[in-house]
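Please keep the sequence and the structure in view while reading.

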Amino acid sequence: MEEGEGEVRWDGLCSRDASTRESALEVIRQAVLRRAAQISPAKEESPPPPPLEPSDGCLASATAQERLNEMLARLLMLSQRCPFRDVREKSETILSNVQELGIRIPRPLGHGPSRFIPEEEILQVGNEDAQMHTLFADSFATLGHLDNITLVMVFHPQYLESFLKTQHYLLQMDGPLPLHYRHYIGIMQLLKTEEHSWSLAELIHAVVLLTHYHSLASFTFGCGISPEIHCEGGHTFRLPSVSDYCNCDITNGNHGVDETHVSPAGSISTTESFCEVEALMEKMKKLQECRDEEEASQEEMATRFEREKRESMFVCCSEDEESAPTRDVSRHFEDPSYGYKDFSRHGMHVPTFRAQDYSWEDHGYSLVNRLYPDVGQLIDEKFHIAYNLTYNTMAMHKDVDTSMLRRAIWNYIHCMFGIRYDDYDYGEINQLLDRSFKVYIKTVVCTPEKTTKRMYESFWRQFKHSEKVHVNLLLVEARMQAELLYALRAITHYMT
(Lines give C-alpha, C1' and ligand atoms only; values in the text may rest on other atoms or scores of the structure.)
Protein backbone atom coordinates (compact mmCIF):
# COMPACT_ATOMS: atom_id res chain seq x y z
CA MET A 1 0.00 0.00 0.00
CA GLU A 2 1.40 3.40 -0.90
CA GLU A 3 1.72 5.98 1.85
CA GLY A 4 -0.05 9.33 1.81
CA GLU A 5 2.89 11.06 3.50
CA GLY A 6 6.06 10.21 5.40
CA GLU A 7 4.46 10.30 8.88
CA VAL A 8 1.60 7.93 8.00
CA ARG A 9 1.65 4.21 7.36
CA TRP A 10 -1.57 2.93 5.88
CA ASP A 11 -0.51 -0.70 5.55
CA GLY A 12 -1.17 -1.36 9.23
CA LEU A 13 -4.88 -1.20 8.40
CA CYS A 14 -4.53 -4.41 6.35
CA SER A 15 -3.57 -6.46 9.40
CA ARG A 16 -5.97 -9.09 10.70
CA ASP A 17 -4.87 -8.13 14.23
CA ALA A 18 -7.31 -5.60 15.72
CA SER A 19 -4.73 -3.98 18.00
CA THR A 20 -2.38 -3.37 15.06
CA ARG A 21 -5.19 -1.72 13.14
CA GLU A 22 -6.14 0.37 16.18
CA SER A 23 -2.58 1.67 16.55
CA ALA A 24 -2.36 2.49 12.84
CA LEU A 25 -5.71 4.30 12.94
CA GLU A 26 -4.59 6.46 15.86
CA VAL A 27 -1.41 7.51 14.04
CA ILE A 28 -3.48 8.33 10.95
CA ARG A 29 -6.04 10.27 13.01
CA GLN A 30 -3.37 12.42 14.64
CA ALA A 31 -1.60 13.09 11.33
CA VAL A 32 -4.82 14.04 9.53
CA LEU A 33 -6.07 16.32 12.33
CA ARG A 34 -2.66 17.96 12.69
CA ARG A 35 -2.58 18.76 8.99
CA ALA A 36 -6.23 19.82 9.00
CA ALA A 37 -5.66 22.18 11.92
CA GLN A 38 -2.84 23.88 10.00
CA ILE A 39 -5.12 24.82 7.10
CA SER A 40 -8.41 25.18 8.99
CA PRO A 41 -10.38 28.40 8.21
CA ALA A 42 -10.02 29.31 11.89
CA LYS A 43 -6.29 29.64 11.31
CA GLU A 44 -6.58 32.10 8.43
CA GLU A 45 -5.69 35.09 10.66
CA SER A 46 -2.60 33.34 12.02
CA PRO A 47 0.82 33.29 10.34
CA PRO A 48 1.07 30.52 7.73
CA PRO A 49 2.46 27.22 9.05
CA PRO A 50 5.94 26.12 8.01
CA PRO A 51 6.03 24.08 4.79
CA LEU A 52 5.55 20.33 5.21
CA GLU A 53 7.97 17.97 3.57
CA PRO A 54 6.41 15.77 0.85
CA SER A 55 6.85 12.01 1.08
CA ASP A 56 8.17 11.50 -2.44
CA GLY A 57 8.85 13.15 -5.76
CA CYS A 58 5.26 12.71 -6.95
CA LEU A 59 4.04 15.06 -4.22
CA ALA A 60 6.88 17.57 -4.43
CA SER A 61 4.71 20.24 -6.03
CA ALA A 62 1.55 19.43 -4.12
CA THR A 63 0.15 21.98 -1.72
CA ALA A 64 -0.68 21.15 1.89
CA GLN A 65 -4.38 21.22 0.92
CA GLU A 66 -3.82 18.74 -1.89
CA ARG A 67 -1.95 16.39 0.39
CA LEU A 68 -4.74 16.60 2.95
CA ASN A 69 -7.31 15.96 0.21
CA GLU A 70 -5.48 12.78 -0.80
CA MET A 71 -5.62 11.54 2.77
CA LEU A 72 -9.31 12.44 3.11
CA ALA A 73 -10.12 10.64 -0.15
CA ARG A 74 -8.37 7.52 1.16
CA LEU A 75 -10.33 7.76 4.42
CA LEU A 76 -13.56 8.05 2.42
CA MET A 77 -12.63 4.86 0.57
CA LEU A 78 -11.79 3.08 3.84
CA SER A 79 -15.09 4.16 5.38
CA GLN A 80 -16.93 2.29 2.60
CA ARG A 81 -14.53 -0.28 1.14
CA CYS A 82 -12.73 -1.87 4.10
CA PRO A 83 -13.81 -5.35 5.25
CA PHE A 84 -12.91 -4.50 8.87
CA ARG A 85 -15.73 -2.69 10.67
CA ASP A 86 -13.40 -0.90 13.12
CA VAL A 87 -11.53 0.69 10.22
CA ARG A 88 -14.75 1.74 8.47
CA GLU A 89 -16.18 3.33 11.62
CA LYS A 90 -12.95 5.06 12.70
CA SER A 91 -12.36 6.42 9.21
CA GLU A 92 -15.85 7.90 9.21
CA THR A 93 -15.20 9.46 12.63
CA ILE A 94 -11.95 11.06 11.45
CA LEU A 95 -13.76 12.57 8.46
CA SER A 96 -16.39 14.01 10.81
CA ASN A 97 -13.65 15.47 13.02
CA VAL A 98 -12.13 17.20 10.00
CA GLN A 99 -15.51 18.54 8.93
CA GLU A 100 -16.01 20.03 12.39
CA LEU A 101 -12.88 22.11 11.78
CA GLY A 102 -14.68 23.79 8.90
CA ILE A 103 -12.91 21.83 6.17
CA ARG A 104 -14.94 20.34 3.35
CA ILE A 105 -14.69 16.55 3.15
CA PRO A 106 -15.13 14.42 0.01
CA ARG A 107 -18.22 12.46 -1.02
CA PRO A 108 -18.47 9.58 -3.51
CA LEU A 109 -19.41 10.24 -7.11
CA GLY A 110 -21.77 7.88 -8.92
CA HIS A 111 -23.97 5.21 -7.44
CA GLY A 112 -21.83 2.27 -6.39
CA PRO A 113 -19.25 -0.02 -8.00
CA SER A 114 -21.02 -0.19 -11.38
CA ARG A 115 -22.66 2.36 -13.65
CA PHE A 116 -24.87 -0.41 -15.05
CA ILE A 117 -25.96 -2.35 -11.96
CA PRO A 118 -28.07 -0.73 -9.19
CA GLU A 119 -26.04 -0.36 -6.00
CA GLU A 120 -28.67 -2.11 -3.90
CA GLU A 121 -28.23 -5.30 -5.96
CA ILE A 122 -24.49 -5.49 -5.21
CA LEU A 123 -23.21 -7.06 -1.98
CA GLN A 124 -22.54 -4.29 0.53
CA VAL A 125 -19.23 -4.38 2.39
CA GLY A 126 -20.02 -5.45 5.94
CA ASN A 127 -22.91 -7.71 4.94
CA GLU A 128 -20.76 -10.57 3.66
CA ASP A 129 -20.70 -14.02 5.27
CA ALA A 130 -17.62 -15.50 6.96
CA GLN A 131 -16.28 -17.16 3.80
CA MET A 132 -16.71 -14.02 1.75
CA HIS A 133 -15.19 -11.91 4.53
CA THR A 134 -12.01 -13.98 4.29
CA LEU A 135 -11.91 -13.41 0.52
CA PHE A 136 -12.48 -9.67 1.00
CA ALA A 137 -9.79 -9.48 3.70
CA ASP A 138 -7.26 -11.24 1.44
CA SER A 139 -8.04 -8.87 -1.43
CA PHE A 140 -7.84 -5.85 0.86
CA ALA A 141 -4.47 -6.98 2.21
CA THR A 142 -3.13 -7.20 -1.36
CA LEU A 143 -4.55 -3.99 -2.82
CA GLY A 144 -5.16 -1.83 0.25
CA HIS A 145 -8.82 -1.51 -0.74
CA LEU A 146 -11.68 -3.57 -2.15
CA ASP A 147 -11.77 -2.56 -5.79
CA ASN A 148 -14.99 -2.23 -7.73
CA ILE A 149 -14.11 -5.15 -10.00
CA THR A 150 -14.03 -7.43 -6.95
CA LEU A 151 -17.37 -6.08 -5.69
CA VAL A 152 -19.04 -6.87 -9.03
CA MET A 153 -17.32 -10.23 -9.56
CA VAL A 154 -18.53 -11.31 -6.11
CA PHE A 155 -21.82 -12.27 -7.77
CA HIS A 156 -19.83 -15.42 -8.59
CA PRO A 157 -17.57 -16.20 -5.59
CA GLN A 158 -16.04 -19.36 -7.03
CA TYR A 159 -14.75 -17.48 -10.07
CA LEU A 160 -13.67 -14.47 -8.00
CA GLU A 161 -11.49 -16.63 -5.78
CA SER A 162 -9.78 -18.18 -8.81
CA PHE A 163 -9.37 -14.77 -10.48
CA LEU A 164 -7.79 -13.14 -7.41
CA LYS A 165 -5.48 -16.12 -6.88
CA THR A 166 -4.29 -15.98 -10.49
CA GLN A 167 -3.81 -12.21 -10.51
CA HIS A 168 -1.88 -12.34 -7.22
CA TYR A 169 0.40 -15.06 -8.60
CA LEU A 170 1.07 -13.10 -11.79
CA LEU A 171 1.89 -9.86 -9.99
CA GLN A 172 3.36 -10.82 -6.61
CA MET A 173 4.70 -14.38 -6.52
CA ASP A 174 8.01 -15.75 -7.83
CA GLY A 175 8.30 -15.54 -11.60
CA PRO A 176 10.71 -14.78 -14.44
CA LEU A 177 9.94 -11.02 -14.54
CA PRO A 178 10.88 -8.49 -11.82
CA LEU A 179 7.92 -7.01 -9.94
CA HIS A 180 8.21 -3.54 -11.48
CA TYR A 181 8.29 -5.05 -14.98
CA ARG A 182 5.03 -6.86 -14.27
CA HIS A 183 3.17 -3.73 -13.21
CA TYR A 184 4.49 -1.73 -16.14
CA ILE A 185 3.42 -4.43 -18.59
CA GLY A 186 0.00 -4.35 -16.95
CA ILE A 187 -0.22 -0.63 -17.77
CA MET A 188 1.00 -0.62 -21.40
CA GLN A 189 -0.70 -2.27 -24.45
CA LEU A 190 2.44 -2.52 -26.48
CA LEU A 191 5.62 -4.43 -25.85
CA LYS A 192 8.94 -3.24 -27.30
CA THR A 193 12.15 -4.94 -26.24
CA GLU A 194 14.54 -2.95 -28.44
CA GLU A 195 18.08 -4.23 -27.88
CA HIS A 196 17.22 -6.17 -24.73
CA SER A 197 16.34 -9.78 -25.49
CA TRP A 198 14.03 -11.69 -23.18
CA SER A 199 14.15 -15.35 -22.27
CA LEU A 200 11.22 -17.52 -23.33
CA ALA A 201 10.09 -17.70 -19.70
CA GLU A 202 10.04 -13.90 -19.44
CA LEU A 203 8.16 -13.69 -22.73
CA ILE A 204 5.52 -16.16 -21.53
CA HIS A 205 5.11 -14.19 -18.31
CA ALA A 206 4.68 -10.96 -20.29
CA VAL A 207 2.20 -12.54 -22.71
CA VAL A 208 0.07 -13.88 -19.85
CA LEU A 209 0.09 -10.46 -18.15
CA LEU A 210 -0.91 -8.68 -21.35
CA THR A 211 -3.76 -11.07 -22.11
CA HIS A 212 -4.91 -10.90 -18.48
CA TYR A 213 -5.22 -7.12 -18.54
CA HIS A 214 -6.61 -6.95 -22.08
CA SER A 215 -9.46 -9.24 -21.03
CA LEU A 216 -9.88 -7.45 -17.69
CA ALA A 217 -10.51 -4.24 -19.65
CA SER A 218 -13.45 -6.01 -21.28
CA PHE A 219 -14.93 -6.88 -17.89
CA THR A 220 -14.35 -3.36 -16.57
CA PHE A 221 -16.23 -1.67 -19.41
CA GLY A 222 -18.69 -4.51 -19.98
CA CYS A 223 -19.99 -4.24 -16.41
CA GLY A 224 -19.70 -0.46 -16.27
CA ILE A 225 -17.18 -0.50 -13.42
CA SER A 226 -16.99 2.91 -11.73
CA PRO A 227 -13.73 4.69 -10.80
CA GLU A 228 -12.41 3.75 -7.37
CA ILE A 229 -13.67 6.05 -4.61
CA HIS A 230 -10.23 7.40 -3.69
CA CYS A 231 -9.10 7.89 -7.31
CA GLU A 232 -9.80 10.59 -9.88
CA GLY A 233 -13.46 10.50 -10.86
CA GLY A 234 -14.47 8.52 -7.78
CA HIS A 235 -15.05 11.41 -5.39
CA THR A 236 -15.55 15.16 -5.26
CA PHE A 237 -15.23 17.92 -2.69
CA ARG A 238 -18.04 19.93 -4.30
CA LEU A 239 -21.45 20.09 -2.68
CA PRO A 240 -24.08 17.99 -4.52
CA SER A 241 -26.20 19.73 -7.17
CA VAL A 242 -28.98 18.77 -9.57
CA SER A 243 -26.54 18.86 -12.48
CA ASP A 244 -24.49 16.08 -10.88
CA TYR A 245 -27.38 13.65 -11.25
CA CYS A 246 -28.15 14.81 -14.79
CA ASN A 247 -24.54 14.42 -15.88
CA CYS A 248 -24.33 11.02 -14.26
CA ASP A 249 -27.43 9.83 -16.13
CA ILE A 250 -26.10 11.09 -19.44
CA THR A 251 -22.75 9.40 -18.83
CA ASN A 252 -24.60 6.16 -18.16
CA GLY A 253 -26.34 6.43 -21.51
CA ASN A 254 -29.78 7.33 -20.14
CA HIS A 255 -30.07 10.74 -21.81
CA GLY A 256 -32.62 11.99 -19.31
CA VAL A 257 -34.90 8.92 -19.45
CA ASP A 258 -36.61 8.05 -16.17
CA GLU A 259 -35.73 4.39 -15.69
CA THR A 260 -38.36 3.88 -12.99
CA HIS A 261 -41.15 4.26 -15.55
CA VAL A 262 -39.62 2.83 -18.69
CA SER A 263 -38.29 -0.63 -19.34
CA PRO A 264 -34.50 -0.97 -19.90
CA ALA A 265 -34.86 -1.06 -23.67
CA GLY A 266 -37.03 2.07 -23.64
CA SER A 267 -40.19 0.74 -25.29
CA ILE A 268 -40.13 -3.02 -24.75
CA SER A 269 -42.72 -4.13 -22.22
CA THR A 270 -42.14 -6.67 -19.48
CA THR A 271 -44.49 -9.06 -21.26
CA GLU A 272 -42.49 -8.87 -24.48
CA SER A 273 -39.24 -9.44 -22.59
CA PHE A 274 -40.78 -12.44 -20.84
CA CYS A 275 -41.75 -13.84 -24.24
CA GLU A 276 -38.13 -13.45 -25.39
CA VAL A 277 -36.98 -15.69 -22.53
CA GLU A 278 -39.60 -18.28 -23.41
CA ALA A 279 -38.60 -18.12 -27.09
CA LEU A 280 -34.93 -18.61 -26.25
CA MET A 281 -35.70 -21.66 -24.13
CA GLU A 282 -37.84 -23.09 -26.92
CA LYS A 283 -35.00 -22.63 -29.42
CA MET A 284 -32.62 -24.46 -27.08
CA LYS A 285 -35.08 -27.31 -26.82
CA LYS A 286 -35.50 -27.60 -30.60
CA LEU A 287 -31.76 -27.43 -31.23
CA GLN A 288 -31.22 -30.27 -28.78
CA GLU A 289 -33.86 -32.33 -30.59
CA CYS A 290 -32.17 -31.63 -33.93
CA ARG A 291 -28.84 -32.72 -32.47
CA ASP A 292 -30.36 -36.02 -31.43
CA GLU A 293 -32.01 -36.61 -34.81
CA GLU A 294 -29.30 -35.70 -37.30
CA GLU A 295 -25.78 -34.38 -37.57
CA ALA A 296 -24.56 -31.99 -40.26
CA SER A 297 -21.71 -33.06 -42.55
CA GLN A 298 -18.20 -31.69 -42.05
CA GLU A 299 -18.56 -29.65 -45.25
CA GLU A 300 -21.78 -28.07 -44.01
CA MET A 301 -20.23 -27.41 -40.58
CA ALA A 302 -17.26 -25.64 -42.24
CA THR A 303 -19.61 -23.57 -44.40
CA ARG A 304 -21.64 -22.48 -41.36
CA PHE A 305 -18.46 -21.46 -39.56
CA GLU A 306 -17.24 -19.33 -42.47
CA ARG A 307 -20.68 -17.72 -42.74
CA GLU A 308 -20.76 -16.87 -39.04
CA LYS A 309 -17.17 -15.59 -39.11
CA ARG A 310 -17.97 -13.36 -42.08
CA GLU A 311 -21.17 -12.05 -40.53
CA SER A 312 -19.40 -11.31 -37.23
CA MET A 313 -17.17 -8.83 -39.04
CA PHE A 314 -20.16 -6.66 -39.88
CA VAL A 315 -21.62 -6.61 -36.38
CA CYS A 316 -20.89 -3.17 -34.96
CA CYS A 317 -22.36 -0.67 -32.55
CA SER A 318 -24.08 2.51 -33.64
CA GLU A 319 -21.63 5.34 -34.26
CA ASP A 320 -23.76 7.78 -32.26
CA GLU A 321 -23.74 5.67 -29.08
CA GLU A 322 -22.47 7.76 -26.18
CA SER A 323 -19.98 5.80 -24.11
CA ALA A 324 -18.49 6.69 -20.76
CA PRO A 325 -15.65 9.23 -20.78
CA THR A 326 -12.21 7.66 -20.55
CA ARG A 327 -8.84 8.98 -19.45
CA ASP A 328 -6.29 10.04 -22.06
CA VAL A 329 -3.66 7.31 -22.22
CA SER A 330 -2.00 8.43 -25.45
CA ARG A 331 1.23 9.27 -23.63
CA HIS A 332 1.76 5.55 -23.06
CA PHE A 333 1.85 4.81 -26.81
CA GLU A 334 4.33 5.45 -29.56
CA ASP A 335 1.44 5.01 -32.01
CA PRO A 336 -1.73 6.66 -30.56
CA SER A 337 -3.84 5.10 -33.34
CA TYR A 338 -2.98 1.59 -32.14
CA GLY A 339 -6.03 -0.46 -31.29
CA TYR A 340 -8.53 -3.00 -32.60
CA LYS A 341 -8.83 -3.02 -36.38
CA ASP A 342 -11.98 -4.44 -37.91
CA PHE A 343 -10.98 -6.81 -40.72
CA SER A 344 -14.16 -6.08 -42.69
CA ARG A 345 -13.34 -2.39 -42.96
CA HIS A 346 -9.87 -3.05 -44.33
CA GLY A 347 -10.77 -5.67 -46.90
CA MET A 348 -8.83 -8.32 -45.03
CA HIS A 349 -9.59 -12.02 -44.83
CA VAL A 350 -9.57 -13.64 -41.38
CA PRO A 351 -7.62 -16.90 -41.62
CA THR A 352 -9.11 -19.90 -39.86
CA PHE A 353 -7.33 -21.11 -36.74
CA ARG A 354 -8.30 -24.77 -36.28
CA ALA A 355 -8.52 -25.60 -32.59
CA GLN A 356 -7.79 -29.22 -33.45
CA ASP A 357 -4.32 -28.17 -34.67
CA TYR A 358 -3.46 -26.04 -31.64
CA SER A 359 -5.61 -25.93 -28.51
CA TRP A 360 -5.18 -24.71 -24.96
CA GLU A 361 -5.77 -28.17 -23.49
CA ASP A 362 -3.34 -30.05 -25.73
CA HIS A 363 -0.65 -27.45 -26.42
CA GLY A 364 -0.93 -24.04 -24.70
CA TYR A 365 -1.40 -25.33 -21.17
CA SER A 366 1.73 -27.48 -21.20
CA LEU A 367 3.87 -24.73 -22.79
CA VAL A 368 2.88 -22.17 -20.14
CA ASN A 369 3.40 -24.61 -17.29
CA ARG A 370 6.79 -25.66 -18.62
CA LEU A 371 8.17 -22.11 -18.87
CA TYR A 372 6.19 -20.50 -16.03
CA PRO A 373 5.41 -23.29 -13.53
CA ASP A 374 2.00 -23.40 -11.81
CA VAL A 375 0.49 -20.44 -13.67
CA GLY A 376 -0.83 -22.73 -16.41
CA GLN A 377 -2.79 -24.62 -13.75
CA LEU A 378 -4.23 -21.39 -12.33
CA ILE A 379 -5.30 -20.12 -15.76
CA ASP A 380 -6.76 -23.50 -16.70
CA GLU A 381 -8.78 -23.57 -13.49
CA LYS A 382 -10.12 -20.08 -14.24
CA PHE A 383 -11.09 -21.07 -17.78
CA HIS A 384 -12.96 -24.13 -16.54
CA ILE A 385 -14.79 -22.29 -13.76
CA ALA A 386 -16.04 -19.59 -16.15
CA TYR A 387 -17.02 -22.07 -18.88
CA ASN A 388 -18.76 -24.57 -16.59
CA LEU A 389 -20.23 -22.11 -14.06
CA THR A 390 -23.98 -22.59 -13.80
CA TYR A 391 -26.79 -22.28 -11.30
CA ASN A 392 -29.21 -24.02 -13.69
CA THR A 393 -31.32 -20.88 -13.99
CA MET A 394 -32.43 -18.61 -16.83
CA ALA A 395 -34.14 -15.41 -15.70
CA MET A 396 -37.16 -16.62 -13.72
CA HIS A 397 -36.75 -20.29 -14.70
CA LYS A 398 -34.98 -22.95 -12.64
CA ASP A 399 -33.57 -26.40 -13.39
CA VAL A 400 -32.40 -25.32 -16.84
CA ASP A 401 -29.39 -26.84 -18.64
CA THR A 402 -27.57 -23.76 -19.96
CA SER A 403 -24.54 -25.58 -21.41
CA MET A 404 -25.71 -25.06 -25.00
CA LEU A 405 -26.05 -21.31 -24.47
CA ARG A 406 -22.71 -20.99 -22.68
CA ARG A 407 -20.95 -22.88 -25.46
CA ALA A 408 -22.56 -20.67 -28.11
CA ILE A 409 -21.29 -17.51 -26.38
CA TRP A 410 -17.77 -18.92 -25.96
CA ASN A 411 -17.54 -20.23 -29.52
CA TYR A 412 -18.97 -17.02 -31.01
CA ILE A 413 -16.14 -15.03 -29.40
CA HIS A 414 -13.56 -17.48 -30.72
CA CYS A 415 -15.25 -17.37 -34.12
CA MET A 416 -14.76 -13.59 -34.23
CA PHE A 417 -11.04 -14.28 -33.84
CA GLY A 418 -11.12 -16.95 -36.56
CA ILE A 419 -10.89 -19.95 -34.22
CA ARG A 420 -12.92 -22.97 -35.34
CA TYR A 421 -13.96 -26.15 -33.51
CA ASP A 422 -14.63 -28.92 -36.02
CA ASP A 423 -17.20 -30.60 -33.80
CA TYR A 424 -19.40 -27.53 -33.29
CA ASP A 425 -22.37 -26.54 -35.44
CA TYR A 426 -22.04 -22.75 -35.84
CA GLY A 427 -25.62 -22.56 -37.11
CA GLU A 428 -26.65 -22.68 -33.43
CA ILE A 429 -25.15 -19.26 -32.78
CA ASN A 430 -27.66 -17.39 -34.94
CA GLN A 431 -30.46 -19.32 -33.26
CA LEU A 432 -29.36 -18.46 -29.71
CA LEU A 433 -27.73 -15.03 -29.93
CA ASP A 434 -29.80 -12.15 -31.30
CA ARG A 435 -28.29 -9.07 -32.90
CA SER A 436 -28.38 -6.84 -29.80
CA PHE A 437 -26.51 -9.53 -27.86
CA LYS A 438 -23.94 -9.90 -30.65
CA VAL A 439 -23.41 -6.14 -30.72
CA TYR A 440 -22.80 -6.16 -26.97
CA ILE A 441 -20.41 -9.13 -27.18
CA LYS A 442 -18.35 -7.70 -30.03
CA THR A 443 -18.17 -4.26 -28.42
CA VAL A 444 -17.08 -5.61 -25.04
CA VAL A 445 -14.53 -7.99 -26.57
CA CYS A 446 -13.10 -5.81 -29.35
CA THR A 447 -13.67 -2.15 -28.38
CA PRO A 448 -14.70 -2.27 -24.71
CA GLU A 449 -14.34 1.48 -24.19
CA LYS A 450 -17.37 1.97 -26.48
CA THR A 451 -19.71 -0.09 -24.29
CA THR A 452 -22.75 1.83 -23.03
CA LYS A 453 -25.44 1.21 -20.48
CA ARG A 454 -27.97 1.12 -23.32
CA MET A 455 -26.11 -1.84 -24.86
CA TYR A 456 -25.95 -3.59 -21.48
CA GLU A 457 -29.68 -3.19 -21.01
CA SER A 458 -30.70 -4.09 -24.56
CA PHE A 459 -29.89 -7.80 -24.35
CA TRP A 460 -31.52 -10.40 -22.07
CA ARG A 461 -33.87 -7.81 -20.59
CA GLN A 462 -35.48 -10.18 -18.08
CA PHE A 463 -32.24 -11.76 -16.88
CA LYS A 464 -30.70 -10.91 -13.50
CA HIS A 465 -27.64 -8.69 -13.21
CA SER A 466 -25.73 -11.66 -11.81
CA GLU A 467 -26.46 -13.52 -15.06
CA LYS A 468 -25.16 -10.60 -17.12
CA VAL A 469 -22.02 -10.51 -14.97
CA HIS A 470 -21.71 -14.26 -15.71
CA VAL A 471 -21.85 -13.43 -19.42
CA ASN A 472 -18.99 -11.01 -18.90
CA LEU A 473 -16.94 -13.71 -17.19
CA LEU A 474 -17.40 -15.87 -20.28
CA LEU A 475 -16.36 -12.95 -22.49
CA VAL A 476 -13.27 -12.29 -20.37
CA GLU A 477 -12.02 -15.87 -20.39
CA ALA A 478 -12.92 -16.66 -24.01
CA ARG A 479 -11.13 -13.53 -25.17
CA MET A 480 -8.09 -14.29 -23.00
CA GLN A 481 -7.90 -17.85 -24.29
CA ALA A 482 -8.20 -16.72 -27.91
CA GLU A 483 -5.40 -14.18 -27.47
CA LEU A 484 -3.23 -16.71 -25.66
CA LEU A 485 -3.72 -19.32 -28.38
CA TYR A 486 -2.36 -17.03 -31.10
CA ALA A 487 0.59 -15.89 -28.97
CA LEU A 488 1.49 -19.36 -27.69
CA ARG A 489 1.23 -20.91 -31.14
CA ALA A 490 3.70 -18.30 -32.45
CA ILE A 491 6.09 -19.05 -29.56
CA THR A 492 5.76 -22.78 -30.21
CA HIS A 493 6.62 -22.26 -33.88
CA TYR A 494 9.63 -20.19 -32.86
CA MET A 495 10.82 -22.93 -30.52
CA THR A 496 10.51 -25.60 -33.19
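## Overall make-up

The chain holds 18 helices and six strands, and the model described here is a predicted one. Of the 496 residues in the chain, 46% are buried. Among the contacts with a separation of 6 or more, 77% are accounted for by residues 24 or more positions apart.

## The nonpolar core

The largest nonpolar core has 124 residues, and Phe219, Ile409 and Ile441 are those with the most contacts inside it. Helix H18 (residues 465–495) supplies the largest share of this core, namely 13 residues.

Phe219 can be followed in more detail: once its neighbours within four places in sequence are left aside, Phe219 is in contact with Ile149, Val152, Met153 and Ile225, and also with Val469, Asn472, Leu473 and Val476.

## Packing of H14 against H18

Helix H14 (residues 403–416) packs with H18 at an angle of about 40°, and their axes are 9 Å apart. H14 is therefore oblique to H18, and the crossing in which H14 passes H18 is right-handed.

On the H14 side, the residues that meet H18 are Arg406, Ile409, Trp410, Ile413 and His414. On the H18 side, the partners are His470, Val471, Leu474, Leu475, Glu477, Ala478, Arg479, Gln481 and Ala482. The residues of this contact divide into eight nonpolar, three polar and three charged. Ile409, listed here on the H14 side, is also one of the residues with the most contacts inside the largest nonpolar core.

## Packing of H8 against H12

The axes of helix H8 (residues 200–222) and helix H12 (residues 360–371) come within 9 Å and cross at roughly 120°. The two helices, H8 and H12, are therefore oblique to each other, since angles of 65 to 115 degrees would count as roughly perpendicular and those over 145 as roughly antiparallel. The crossing of H8 and H12 is left-handed.

Leu200, Ala201 and Ile204 of H8 make the contact with Leu367, Val368 and Leu371 of H12. By residue type, the contact of H8 with H12 comprises six nonpolar residues, no polar ones and no charged ones.

Ser226 has its place in the loop between H8 and strand E2 (235–236). Is this serine buried or exposed? With a relative accessible area of 10%, Ser226 is buried, because buried means under 20%.

Not counting residues up to four places away in sequence, Ser226 touches Gly112, Pro113, Ser114, Arg115 and Asn148. Ser226 and Asp147 are 79 residues apart in sequence, while their C-alpha atoms are 9.6 Å apart in space.

## Two loop residues with positive phi

Most residues other than glycine have a negative phi. Asp374, found in the loop between H12 and helix H13 (375–388), has a phi near 80°, which is a positive value in a residue other than glycine. With a relative accessible area of 49%, Asp374 is partly exposed.

Ala395 lies in the loop between strand E4 (393–394) and strand E5 (397–398), and its phi is near 55°, again a positive value in a residue other than glycine. Ala395 is buried, with a relative accessible area of 6%, whereas Asp374 is partly exposed.

Terms used. Residues numbered from 1 in each chain as written. Predicted model: local features only at pLDDT ≥ 70, side-chain atom pairs only at ≥ 80, totals over all residues. Heavy atoms only, no water. Axes fitted to C-alpha atoms, helices over the stretch in contact; angles between N-to-C directions. Helix = DSSP H or I, 4+ residues; strand = E, 2+ residues; numbered from the N terminus. Parallel < 35°, antiparallel > 145°, perpendicular 65-115°, else oblique. Left-handed = near helix turned anticlockwise from the far one by under 90°. Contact = heavy atoms within 4.5 Å. Nonpolar A, V, L, I, M, F, W, Y, C, P; charged D, E, K, R; others polar. Core = buried A, V, L, I, M, F, W, Y, C linked by side-chain atoms within 4.5 Å. Buried < 20%, exposed > 50% of the residue type's maximum accessible area, 1.4 Å probe, protein only.
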